[in-house]
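Take the sequence and the coordinates together, and keep both in view while reading.

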Amino acid sequence: MPTKSFRKSFGFKVFRSFALSILVVAIVLSALLVYYQNSMVKKDLYKEGTMLADMLAYSIRTWVFAENKDMLKDAVQGVMGQKNVVAVVVYNADRQVLIIEKKQSADKKDPFGNDPAAAGKMRMEQAGIIPKTAEREGTIGFLSPVVLETYKNMEEAIYFEESPKQSVQHVIGYVEVVLDKGVLRTEMRSILIRNAVATLLFLLAGSVAIYIAVRRLMRPLTNLAASVRSLGRGETVAQVPVESMDEIGRLATDFNTMSDNLKKREAEKELLEEKLRYAQKMEAVGTLARGIAHDFNNILATLRGSIYLIDKKLPAHDELRQYTRQVHGSIARAQNLIRGLLTFSRTQRINFRPADLGGIIRRLQPMLTNMAGEGVHLKVSLPEGPVMAMSDSVQLEQILMNLCANGRDAMPDGGVLSISVEMVTVGSEAGRQYPPAPGRYAVMSVRDTGPGMDEKTRERIFEPYFTTKDVGKGTGLGLAIVYGIVKQHRGWIWVESEKGEGTIFRVYLPLLEKNEEDMENKSR
Amino acid sequence: MLNKRDPISVVLLFLLILGLPVSAGAGEIVALKSADIQPYNEAVEGFMKSCRCDVSEIVLNETAGRDVLEKIRDADPEAVFAVGMDALNFSKTIGNVPVVYSMVPNSQLLSVAQQNASGVSMYISPEKFIAAILEVFPHAKKIGLIFDARHSGSFVRDADSACRARGIELVAEKTSRPGDIPTLIDSMRGRIDVFLMVPDVTVINPESVKYLLLFSFRNKVPVFTFSRKYVEMGSAAGLYAAPYDMGLQAGEIVQKIVSEKNGKVIRADARKTVLVINRKIMNKLGIRIRGEVLGRAEYAD
């Protein structure tokens, strides 16, 4: 018995349709076969009856002619020995019974009633002409005329063996051979049983064959359905095997493509979420830094004012002045830190103007070379034309200085520090793993050949006070300041680094096209 | 007196000689056969032998009637030799051409339309039959036969006379219905020594012959018949008219008719008969035949 789930399946519906078709075909074929076989049995019975009647009529011509009942009885008893014959009647030309022989059997009806001679005569007279068959309940009578052959010109024909004349036939009597119709019923029952068994076997074999075929046909579809269900539940789905190139095969191929795309989208989504989380974290850190910086700045202002007043009151060569100078120095360092924090938290006032990134780099190149030191080779690659962006050139210089200092610090044993500027078009192509949004960008890249960073480090490098440098060698605000400036310029900073492969920072700033630049200049 | 030197007289004399009949033989004759069977062919052979004429043969049942008539008219024969009853019946449609027949059962039974035809019939007189029966079965005292008075009345009367003359009895049963024949045959059981089958269309049919032959075997009564075919079927013996000789007879008649051209009708019965014996049947019936009879008889076994 099929399970409930199987009964509801598409495969079961296909199986049921085919099985029903087979059932209908089997029944129709069986009915036709039964009809045909029944006709054949009936035909055979008619053939047998006709043949027996004809043969008897031919063989007893002489005895009918002579009306010799003894001889007729001999001949008739020969026919009575046949299986299905229940009676034989011979009539003369006047349709009077010459002889009647019948099998006395308790379970068979007398085919002629109480007066066989009268019955036979009446039947023939009613018919007007002699019928070939006389069908009754339980029996069929086959009639054949007994013919005497003579010649047209008897005078001449009686002399010679090879008769030259046309023969003339005279009916001198009739023979009726009565067969039992019981054989029809027996044969019919046998045919019905045989056909029912054959139909059942055909149906059974057909159903099994169809069941196997449907299971085989439905297997890829079942696999596909299971994969779709898994996908729907959000599970990881393996590739569905493509077993054919038919509709189901194409469906499997399409499903695999769809599954791959979904996986990519999912990865992209996860990346974006990660970026969002990072941005939110940086925003929170920035807000915190901004708050602390403001409050701290106010405290420092009070401290500086107070120290100034103390300093004024102290004599010129007072010993305490050395302490007030130390306090001044500490306040100045604290104010530097506060500025850095304010830059990271993007609260610095930005003076946006069209600026050529290449020009800024060229202007800073001597200072950068000094800053890099002897072990680090500075390599600058700039385009011939200007690469303009709406930016604060002082802030951009800060970016460049911080990135280069970071690169240099990453290469204590020397290396190559490469700076380049280029114009980049970011498209909306699928599969892009990170922002910025599609558009034209001025991209400034700083690359070092240092030891690179692992992923864990890479995820935190823009956080304030995160540093991998030794204590006292870095404030941990350099890259945080860069991040803050880039965000204030509505740009993106992207870092690519692998352990042992060096690091590259790319700063994307919206490109200022020529016509935009002109409009911007006019507005000033 | 003819002047031997007169060339005109010489030419006239030559032409007169050419115009005279050179022999007693007939011109072209058409032999019209009812069918292409052996006895008829033998009759035509005999005819050709005696008539000394050109004979062209036409088989009636192989050619359409109108075509036969056209062929005969195209041939413009001096006479038509009709072989068989159908051929004789057809020949009355030909017109003013003398008809000579052969292989016809009995001249006395010809229709009015056939009365002008000359020829030879297969009729064998009762005397000849009785004589032949006694020759084969010398101990026979009672001869039985069945007949229809309409067809064989005179034959039976003559047979009765012949029997009486020879001191034997003829047991003759009269009938006009073929259906009565088996009963009549059965009624002869123990009453006869030999059964004479007469050429009577009421009596002779395939079933009556079979019945008669069965009667013969069961009761050891030999059947003497008028045709070779019944001897072959199981009759003990028979006497029939020789077809070849009938052809010879017919040829002679044609010669007479053509040469005399007096419109005289010449009719004859077969002059030569053939005794035919079935030795196997004779043996089965336990009848011994004398050597001299066997010596001059044909065998059909």
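Is Asp76(B) exposed or buried? Asp76(B) is exposed, since 10 other C-beta atoms lie within 10 Å. A residue counts as buried if 20 or more other C-beta atoms lie within 10 Å of its own, as exposed if 12 or fewer do, and as partly exposed in between, with C-beta atoms placed from the backbone. The model is a predicted one, in which local features need pLDDT of at least 70 and side-chain atom pairs count only at pLDDT 80 or more, while totals for chains, interfaces and linings use all residues. Residues are numbered from 1 along each chain as its sequence is written, and chains are lettered from A and ligands numbered from 1 in the order in which they are written.

Asp76(B) sits in the loop between α3 (65-75) and β3 (79-83) of chain B. Helices (H or I, at least four residues) and strands (E, at least two) are DSSP runs, numbered from the N terminus. The phi of Asp76(B) is near 45°, a positive value in a residue other than glycine. Met103(B) also has a positive phi without being glycine, with a value near 60°. Its setting is strand β4 (residues 99-104) of chain B, and Met103(B) is buried, with 31 other C-beta atoms within 10 Å.

Chain B also holds an open sheet of 7 strands, in the order β7-β6-β8-β9-β10-β12-β13, with mixed pairing. Two strands pair if DSSP finds at least two bridges between them. The edge strands, β7 (169-174) and β13 (298-299) of chain B, each pair on one side only. Within the sheet order, β10 (residues 237-241) and β12 (residues 273-277) of chain B pair in the antiparallel sense over 5 bridges. Ala241(B) stands opposite Thr273(B) of β12(B).

Chain A has 14 helices and 12 strands. Of its 524 residues, 26% count as buried. Two residues are in contact if their C-beta atoms, placed from the backbone, lie within 7 Å. Among contacts in chain A between residues at least 6 apart in sequence, 70% join residues at least 24 apart.

The 24 residues of α9(A) should span 34 Å at 1.5 Å a residue, and the end C-alpha atoms are 35 Å apart, which agrees; the expected span is 1.5 Å times one less than the number of residues. The buried residues of α9(A) are Ile338(A), Gly340(A), Leu341(A), Leu342(A), Thr343(A) and Phe344(A). They pack against α8 (247-313) and α13 of chain A.

The axes of α9 (residues 321-344) and α13 (residues 478-488) of chain A come within 7 Å and cross at roughly 40°. Therefore α9(A) is oblique to α13(A). Angles under 35 degrees count as roughly parallel, over 145 as roughly antiparallel, 65 to 115 as roughly perpendicular and the rest as oblique. Axes are lines fitted to C-alpha atoms, for helices over the stretch in contact, and angles run from 0 to 180 degrees between N-to-C directions. On α9(A) the contact is made by Gly340(A), Thr343(A) and Phe344(A), and on α13(A) by Ala480(A), Ile481(A), Tyr483(A), Gly484(A) and Ile485(A).

Between the chains, 22 residues of chain B are in contact with 19 residues of chain A. On chain B, α4 (85-91), α8 (206-219) and α9 (228-233) each supply at least two residues of the side that touches chain A, and α8(B) gives the most, with 4 residues.
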